[in-house]
Amino acid sequence: MTVYLDHAASAPLRPEVLEQMLPHLSGVQANPSSPHAPGRRARAALDEAHERLAASIGAEPRALVFTGGGTEAINLAVKGAAWAGKAQGHRVITTAIEHKAVLESCLLLEKYGFEVKRLPVDRYGQVDPDDLIEALTDKTILVSLQWASNEVGTIQPLAELIARTRAGSQALVHVDAVQAAAWLPVDVDALDADLMSFAAHKVEGPKGTGALWIRRGTAILPQVHGGSQERYRRAGTENVAGAVGMAAAFELAATEREAVVEEVAERRDALAGAVLS
């Protein structure tokens, strides 16, 4: 018998989520951009997925872009916002312990003339808000922060960090919420960020599906070009089954989060106590 404990890397797909995906994985899998009846049904399912996911995170449906996973959502946020804002400045601020999707995107930006400041963290993995204030300049166009660390579990003091950013600059704020969404209540407006990235498989949804929330009025340069899908922000025929599965997983997570967190905390404490004794 296998006991799977690697949920931080990828949580198993919930049967309830799979059940909602199945109608879009069998039979006619029409293109949501097609005008015929099967295409219109696919479009309706995709639009509903936007609405359901948006309701789970306190967003407007039109503000969400479905992507091919959390990594793509982060790439779209970091590179898309940086390139769109290059006329206003060239400085990007992030931390030394971000996910590689952020760090590698920043490395690429540096090759094209952007300046990247990587903030240090303390022994607990947290950013000192004073360090952030020091790093801000009138050329700062983007601050990218990971809400919860996928490696050590550190939760950043996001509210304070974002407030400091707003007080000291006109920079956009991107929050990598990929690891946090399963465990922390998500309300995009309450956090006052401009961009927030998510992945379905961290909350018991399907792999290969993610989403980026973009606050209305935020300029972003698409990173995948082609058709007009996702309001011209991410080209390519949409993964309807993945979008439906992600929406279902986030709905379940939002409904059950409080009870799940309490149960997992009790098990964690029991395990730690047993090991230490």
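**Helix packing, salt bridges and a surface patch**

In this predicted model, helix α2 passes helix α9 in a left-handed crossing. Helix α2 covers residues 37–57 and helix α9 covers residues 240–276. Two packed helices are described by the angle between their axes and the distance between those axes. Here the axes come within 8 Å and cross at roughly 25 degrees. Angles under 35 degrees count as roughly parallel, and α2 and α9 are therefore roughly parallel to each other.

The discussion now turns to charged side chains. The count of salt bridges in the model comes to 17. One of these pairs joins Arg-14 and Glu-16, whose side chains meet at 2.7 Å, N to O. The two partners can be described by their accessibility. Arg-14 has a relative accessible area of 12% and is buried, because buried means under 20%. Glu-16, at 34% relative accessibility, counts as partly exposed. Both residues also belong to a network of salt bridges, in which Arg-14, Glu-16, Glu-204 and Glu-256 are linked.

A further salt bridge is formed by the side chains of Asp-192 and Arg-166, at 3.2 Å, N to O. Asp-192 lies in the loop between α7 (188–191) and β6 (195–199), while Arg-166 lies in helix α6 (residues 158–168), so the pair ties together parts that are 26 residues apart in sequence. Asp-192 is partly exposed, with a relative accessible area of 34%. Arg-166 is likewise partly exposed, with a value of 28%.

Another salt bridge brings together the side chains of Arg-268 and Asp-269, at 3.0 Å, N to O. Arg-268 has a relative accessibility of 52% and counts as exposed, because exposed means over 50%. Asp-269, at 45% relative accessibility, counts as partly exposed.

The surface also carries a nonpolar feature. Leu-13, Leu-18, Leu-22 and Leu-25 form a nonpolar patch there, and together they have about 310 Å² of accessible area. Among these residues, Leu-18 lies in helix α1, which covers residues 15–21. Leu-18 is partly exposed, with a relative accessible area of 33%. Patches are made of residues with over 30% relative accessible area, and the 33% of Leu-18 can be read against that cut-off.

Definitions and conventions
Residues are numbered from 1 along each chain as its sequence is written. This is a predicted model: local features need pLDDT of at least 70, side-chain atom pairs count only at pLDDT 80 or more; totals for chains, interfaces and linings use all residues. Side-chain values use heavy atoms; hydrogens and water are left out. Patches are made of residues with over 30% relative accessible area and no salt bridge: like charges are joined within 9 Å, nonpolar side chains (Val, Leu, Ile, Met, Phe, Trp, Tyr) within 5 Å. Accessible areas come from the Shrake-Rupley method with a 1.4 Å probe; for residues, only the protein chains shown count as cover. A salt bridge is a side-chain nitrogen of Lys or Arg within 4 Å of a carboxyl oxygen of Asp or Glu. Helices (H or I, at least four residues) and strands (E, at least two) are DSSP runs, numbered from the N terminus. Buried means under 20% relative accessible area, exposed over 50%, partly exposed in between (1.4 Å probe, protein chains only). Axes are lines fitted to C-alpha atoms, for helices over the stretch in contact, and angles run from 0 to 180 degrees between N-to-C directions. Angles under 35 degrees count as roughly parallel, over 145 as roughly antiparallel, 65 to 115 as roughly perpendicular and the rest as oblique. A crossing is left-handed if the near helix is turned anticlockwise from the far one by less than a right angle, and right-handed if clockwise.
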